[in-house]
Amino acid sequence: MCGIVAYLGDKEAYPILINGLRRLEYRGYDSAGVALMNGDVLTIHKCQGKVSDLESHVVGKSLSGSIGIGHTRWATHGPPNDVNAHPHRSTSGDLALIHNGIIENYASIKEELGHRGHIFQSDTDTEVLVHLIDDIQRTEKVDLAEAVRLALASVVGAYAIVVLDSKEPDLMVAARKSSPLVIGIGEGEFFCASDATPIVEHTKNVVYLEDGEIAVIDRTNGLKIRNVKNQEKTPFIQELEMHLETLEKGGYDHFMLKEINEQPRSIRDSMRGRLNLAKGEVVLGGIKDYEQKFVNAKRILIVGCGTSWHAGMVGEYLFEEFARIPVEVEYASEFRYRNPIVNENDLVIAISQSGETADTLAAIELAKNRGATIIGICNVVGSSIARVTHAGSYTHAGPEIGVASTKAFTAQVTVLTLMALMVGQKKGVLSGSNFYRLLNELDAIPEKVQKVLATEAQIKYIADIYKDATNALYLGRGYSFPVALEGALKLKEISYIHAEGYPAAEMKHGPIALIDEEMPVFVIATKGASYEKVVSNIQEVKARKGKIIAIVTQGDSVVRELADHVIEIPETPDALVPLLSVIPFQLISYHIAVMRGCNVDQPRNLAKSVTVE
Ligand code: F6R
């Protein structure tokens, strides 16, 4: 939530910042701003709205300066408006600051500073921080870096910040705690950003700032890192693996559609080097040292939020079926505050696309403190979750920019499938022939996803019929239940149609009362363990005149007779159906949202990386 970007070098900062903000806009898009330093003149431009509104806002204004900071906001404290937009300025006017996170004790600091004559313009927690730094500079007579360090020592909460000071015009100071910050190191130039996407086109050399670290970036002395205790740290420079073309729309109208269509490749990438058909084995290098922990685990806990939680539910079915290990799937936000029973015998799998979700991070911390082993499944390399877990497997889906998660889900499910198969084989639960059959089936999934994608024209036709619905129901059983939840989430988050996902058999315990001729009911009715039961559920919907859109196995004729529309997917074992059946749901949500004129990639009120609880 909130994207921050900063530049110090020989070039004009503004074009670099604005381009960076466009890349970070998925993190928040209710206001945007930049501060530019030209010599000792510090200018701020900011306004409510998207980055494109900022671009219109600055037309004809002075944009010179080779040091600058930029921000795109997702409002927490104070409504989205011009005044609450970042950067925020100190009373003296010397300092400008951008912030991603929440300063929890801002109210008490604000009161104290108010008594000392500080006048606040905005409703934000962030503005308090810039006043505090300014106050410390004056009272303690210290430079910017030291004032930032002292200020952060009295702050409770999460932050990634970058601060400029017109009294020190060749310097910027950045710091982080619980919100991500990456520093790019180019030839005589430096970048800071919430993630590497604004940096990759300028340099591949980056340093991921650790919690409690402060980076002082100076034209003469370059990058120096120290921690809040004032101990110097040696920057650990890593090379980015990201490619620029993965950050572009590549001819698609929206990132979401591009990412849906990327799934044959992204699923393949999640398996690459891990699924070896020739040798008949699964090797997950990142968790190799923890294989025995899996094999001996008496229980697995899976934590995540939103779509990642849905992937975790598929994981529950996979581990229980293939490895016979009991699994509990927890919303990270509930788990962290529930005083859950966790101990050193537990293995916790934390799933997160961004690797920055605050609730998931807190759940990991809790489980870690109680001695559990934590395995991460993250998409973003170098993210906080990837770094705090004991071990893990990246999903390698490539950057996901559309706010609604699509390829991340299928990549997470692919990795969970590989893990469950690997553990099942090592435990001897899966026979050699069954294991090998499933490996082959998994290997065939990318081509089958491609076939499902080919049904897009038909899905668009169905979308047109139901685009004006006000409610929708999604039903599935077994492995298809989490997909029903995911289908409903996709529809509501981008098209704002109320939708609910239910286990098909639960329908008769309440939701059936909602069904009438206006209600589209999306049902996963593929051939498999609960096929006949789901067919009965479809009959129940039909008897109440609900409209049935069924996802069926290729060649199915029974459901075709009953349903208003069927979308065929290739045959695959039950355990792998989610990787195929979710695709029509992603596409239908996408097309309905486009037809309703919704902003698909940036749905209202949402942000991609939820770094606040
Ligand atoms: C839905 C969606 C969210 C995320 C959730 C967790 O399309 O994207 O529900 O899945 O915010 O995010 P990560 O996976 O980054 O932890």
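**Backbone and packing features of the predicted model**

S178 lies in the loop that joins β8 (171-177) to β9 (182-185), where strands (E, at least two residues) and helices (H or I, at least four) are DSSP runs numbered from the N terminus. Although S178 is not a glycine, its phi is positive, at about 65°. With a relative accessible area of 29%, S178 is partly exposed; buried means under 20%, exposed over 50%, and partly exposed in between, for a 1.4 Å probe and protein chains only. The model is predicted, and local features need pLDDT of at least 70, side-chain atom pairs count only at pLDDT 80 or more, and totals for chains, interfaces and linings use all residues. Residues are numbered from 1 along each chain as its sequence is written, and side-chain values use heavy atoms, with hydrogens and water left out.

A positive phi of about 70° is also found at K545, again not a glycine. This residue belongs to the loop between α18 (531-543) and β26 (547-553). K545 counts as exposed, at 55% relative accessibility. Another backbone feature is the cis peptide bond from H86 to P87, whose omega is near 0°. P87 is located in the loop between β4 (67-73) and β5 (88-89).

S405 is part of the loop between β22 (391-394) and α13 (407-427). It counts as buried because its relative accessibility is 9%. Leaving aside residues up to four places away in sequence, S405 touches T307, E400, E486, K490, E493 and K608, contact being defined as heavy atoms within 4.5 Å. The side chains of S405 and E400 make a polar contact at 2.9 Å. A polar contact is a pair of N or O atoms within 3.5 Å; within protein, one must be able to donate a hydrogen and the other to accept it, and residues adjacent in sequence count only if both atoms are side-chain atoms.

Two packed helices are described by the angle between their axes and the distance between the axes. Helix α16 (residues 456-466) packs against helix α20 (residues 577-595) at an angle of about 50°, and their axes are 9 Å apart. α16 is therefore oblique to α20 (under 35 degrees is roughly parallel, over 145 roughly antiparallel, 65 to 115 roughly perpendicular, and the rest oblique). On the α16 side, the contact is made by E456, I459, K460, I462, A463, D464 and Y466; on the α20 side, by P584, L587, I588, H591, I592 and M595.

How values were computed:
Axes are lines fitted to C-alpha atoms, for helices over the stretch in contact, and angles run from 0 to 180 degrees between N-to-C directions.
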